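Me: Please take a close look at one part of this model for me: the place where the two chains meet. Keep it brisk, and tie the pieces together.

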Amino acid sequence: MNTNRILFAGMYDSGKTTFIAALWAYVNSDKKDKHLKLNTLANSENEYLDTIRAEWLQCKKVTRTNLNKTENVKMNLLNESNSENVILEIPDISGELFSNHFQSRECTSEYDSLVNQINGILLFINPNDKKNRTNFIADSLEIEKELGGTPENNENVNFATWSEEQTSNQVKLVETLQFIEARKDIVTPIKVSVIVSRWDLIEEEECPSPEKWLQTNMPLLYQYLKCNTNYFKPSYFGVSAQGCDYDNQDDIDKMLDVEPFERPFIRLENEVIKDLTAPIIWLTEK
Amino acid sequence: METQIKKICHQPGCKILEGGSCLESIDVTKDECPHFYVDNENDDVKDDNSNAQTKQSTSVKLFTGRELSFKETSIITDRYDSKLIAIVGESKSGKTTLLAEYYINLQKQPIKEYYFAGSKTQTGFEERCFYATVGSKAKKPDTGRTQSREFSFLHLALKHKDELDKEPTHFLISDIWGERFREAKGSTALMQELTILKSADFVLFIIDGEKIATKATRALTIEEAKTFIQKALDENIFDSNTNLKVAVSKWDFLYSDSSFDFADKIERVFKGRFESRLGKIEFTKLAARSENASLEAGYGLYELLKSWKTENINERISDTPEIKQSSSRAFYKYSLPNA
C-alpha cells in the first residue's frame, strides 16, 4: 500500500477545490479503463468530498464553506495498472493561506509538518486571474504612446502605499516554493504538477501548450522552475475540471447532457486526454 | 506574570526551532549566531493570554523576504558561493532604480540568457519596485528614496540558460542612502564607516547623468565623483583589490548631447588619475528607464550584469570588516518619490 501526501498549492480561486470535486466524481464513476478508481469507502470521512462533488455534478460553482479551515481529504484508491492500493491524502488548503504566508512570514506547525511529508505538489493557476503578474507603468505607457497619448508626470499624484497584498501571484508562488525548499530536506526533487486550470477558456492558437502558457504569462515562476530542478521537477497540465463556463447557461445545459466523467479534459504538451488522474499518476509514479 | 520570549532563526535548513541542533553548531545561548535572535515584538505577550500563546507556539517563522543586513548576508554566503556588489552614488543617482529594474525585467522575461533562479529578498524587491507599478497610482515609473543609513543587501540568484543544471550565481547587491557617500567624501571618520566596500567583489560607482547633462552642475558632479574615489583610496577603503566600475546613469539625458564626450571627460580622466591604485577600473553608461525614444529602456543593464556574472573575482578579504552601524540590524524606511 502506498500512501501519497500531496500538497495542493495555489492562490484563491485557482481551481483546487473544483479539481478535488471532479477527481472524487471521476474515481467513483463507472468509466471503464480508469487508471485510478475508488478502492473502498471504509474508514474514511467522505462528507466534505461528497458535498463538493454534489455541486460539481450539478454544474454549480464549487465553493469552500470555510476559507480558514483546511479540509483533510483522504481517498483510498486502486491503481488499475498494477493493482496497488494508493491512499491519497490531500489537505484542501484555502488560497488565502498561501497569501498569508507571504504577508505574515510564518506558517502553522501543521503546514510545516505537512511540507515535510509531501510526496508531490499540484500547483494551481487560474489563467484569468489579473493578479498573476504585476502591471508595470512602463508597459502601459508603451501602449499609450502607440495610441498617441501624452505621458504625464508624477506631480500632484496621490500615491498608494505598498503592501504585500499588491504582490503578484507569480511572486507569491515562487515564494511558496522557496518556503518549501527552505523548510524541507529535499533529497530527490519533489515532483510538481503545474495545473493551468480553466483550460477550456484559453485560446489554444495563442498558447499551444500549458508550459508555453506559463512561460508567456508567468515568466518569473517559469524561470524559477526551470532553474531549480534539483529541488522541483515540474510537468505541465492544462486542466478543465468543469468542462465549461458556469456563467453560461447554454454551456451548462449541454454539459448536463454529458456523462459527468466525460466533462473534464486535460491538455498535455501534444495531446488532449480525458483522464483527470493524469497529474496525480505522474506525481505518484516512481 | 511571565514574559514569553520568542526566538527566530532564519537560517534555511536549521532545525533549532524544532528542538534540533543548530545547523552551524553555534551555541545560541551565547548570542553568537547571526540568524538567531529574540523577537522583541512578542515581549508583551502575557501568561494569561492562553489563546494567543497557543497560536504563537504553533507558528513557524519563515525567512523575512526583506533586505539583509551585512551580518544577515551569511544566510547566503555560508551556503553558496556568492558575489557581493556595492553600489556607490549620491542620492537620486539611480542606485535603487538599477536594482529595481533588474527585478522588474526578470518578472517579464529572462534578461537575455540569464534566468531567475530565486531570491531570498523578494519582499525587499517588491517594495523598491512599487512606484514603477500601476498599483502605486504613479503616472510614470519612479523609485522611493532609500533612507537607511546602514548598508543592506538584496539577493538575486541567476543561471545561464545553457547551464540550468549547474549552481546559480548568487548576487548580493547593496542599497543604502546616498547621503552617506556625500558625507563620507569630506570626512575621514564617515569614510571609515564604509569598510563594507572593502569586502565587495565589485564596486559600481554611479554618477548622475542628469546632473552632467545640466551644464551648471556638470563640472561639480564630475569633481565630486573624483573626490569620493580619491578620498576612498587615501583612506584605504579602495585599494589594489578594488574592482571598480564607473557608470554614468540616466544616459538618456546625454545620449543626444554632443557637448559631452564620455571617453574624454570620464574614461580618460578617471583612468589617468586612479587606474594605478585600483585592481581594475572600467566604465559604462546606463539608462535603466530611458525617456529618450532613441535609446532603449534598460540600456547597459545586461552588459553590466554579464560582467558581474562572468568575471572571476579576487579572493575575498578574509577578515570581516568591523561594522560601524547604529543598531544591530538595518531597517529601511521609504518616502514617496517626490518627498
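Reply: Two strands count as paired if DSSP finds at least two bridges between them. Strands here are DSSP runs of at least two residues, numbered from the N terminus. Keep in mind that this is a predicted model.

Strand E5 of chain A, residues 106-108, is joined to E3(B) by three bridges. The two run antiparallel. Within this pairing, Val60(B) of E3(B) lies opposite Cys107(A).

Now the extent of the interface. On the chain B side, 54 residues are in contact with 50 residues of chain A. The area buried between the two chains is about 4,700 Å². Carbon and sulfur atoms give 55% of that area. Three residues, Leu62(B), Gln107(B) and Lys139(B), supply 15% of what chain B buries against chain A, more than any other three residues.

Side chains of opposite charge can pair when their charged atoms come close. Between chain B and chain A the count is five salt bridges. Over all chains, the structure holds 35. Glu181(A) takes part in a salt bridge with Arg79(B), at 2.9 Å from N to O. This pair crosses between chains: Glu181(A) sits in helix H6 of chain A (residues 169-183), while Arg79(B) is in the loop between helix H2 (74-77) and strand E5 (82-88) of chain B. Glu181(A) also meets Lys120(B) in a salt bridge, at 3.6 Å from N to O. Polar contacts between chain B and chain A come to 25 residue pairs, with both residues at pLDDT 80 or more.

Which elements of chain B give two or more residues to the side that touches chain A? They are strand E3 (59-61), helix H3 (95-108), strand E6 (114-118) and helix H4 (122-129). By residue class, that side of chain B divides into 22 nonpolar, 15 polar and 17 charged.

Last, the sheet within chain A. It is an open sheet of nine strands with mixed pairing, in the order E2-E3-E4-E1-E6-E7-E8-E9-E10. Strands E2 (36-38) and E10 (272-273) of chain A stand at its edges; each has a single partner strand, so one side of each is left without a neighbour in the sheet. Strands E1 (residues 2-10) and E6 (residues 120-125) of chain A pair in the parallel sense, over five bridges. There, Ile6(A) has Gly120(A) in E6(A) as its bridge partner. Helix H2 of chain A (residues 47-57) packs on this sheet and touches strands E3 (71-79) and E4 (84-92) of chain A. The direction of that helix makes about 85° with that of E3(A).

Note on methods. Residues are numbered from 1 along each chain as its sequence is written. Chains are lettered from A and ligands numbered from 1 in the order in which they are written. This is a predicted model: local features need pLDDT of at least 70, side-chain atom pairs count only at pLDDT 80 or more; totals for chains, interfaces and linings use all residues. Side-chain values use heavy atoms; hydrogens and water are left out. Contact means heavy atoms within 4.5 Å. Buried area is the accessible area (1.4 Å probe) that two parts lose on being put together, summed over both. A salt bridge is a side-chain nitrogen of Lys or Arg within 4 Å of a carboxyl oxygen of Asp or Glu. A polar contact is a pair of N or O atoms within 3.5 Å; within protein, one must be able to donate a hydrogen and the other to accept it, and residues adjacent in sequence count only if both atoms are side-chain atoms. Helices (H or I, at least four residues) and strands (E, at least two) are DSSP runs, numbered from the N terminus. Ala, Val, Leu, Ile, Met, Phe, Trp, Tyr, Cys and Pro count as nonpolar, Asp, Glu, Lys and Arg as charged, and the others, Gly among them, as polar. Axes are lines fitted to C-alpha atoms, for helices over the stretch in contact, and angles run from 0 to 180 degrees between N-to-C directions.
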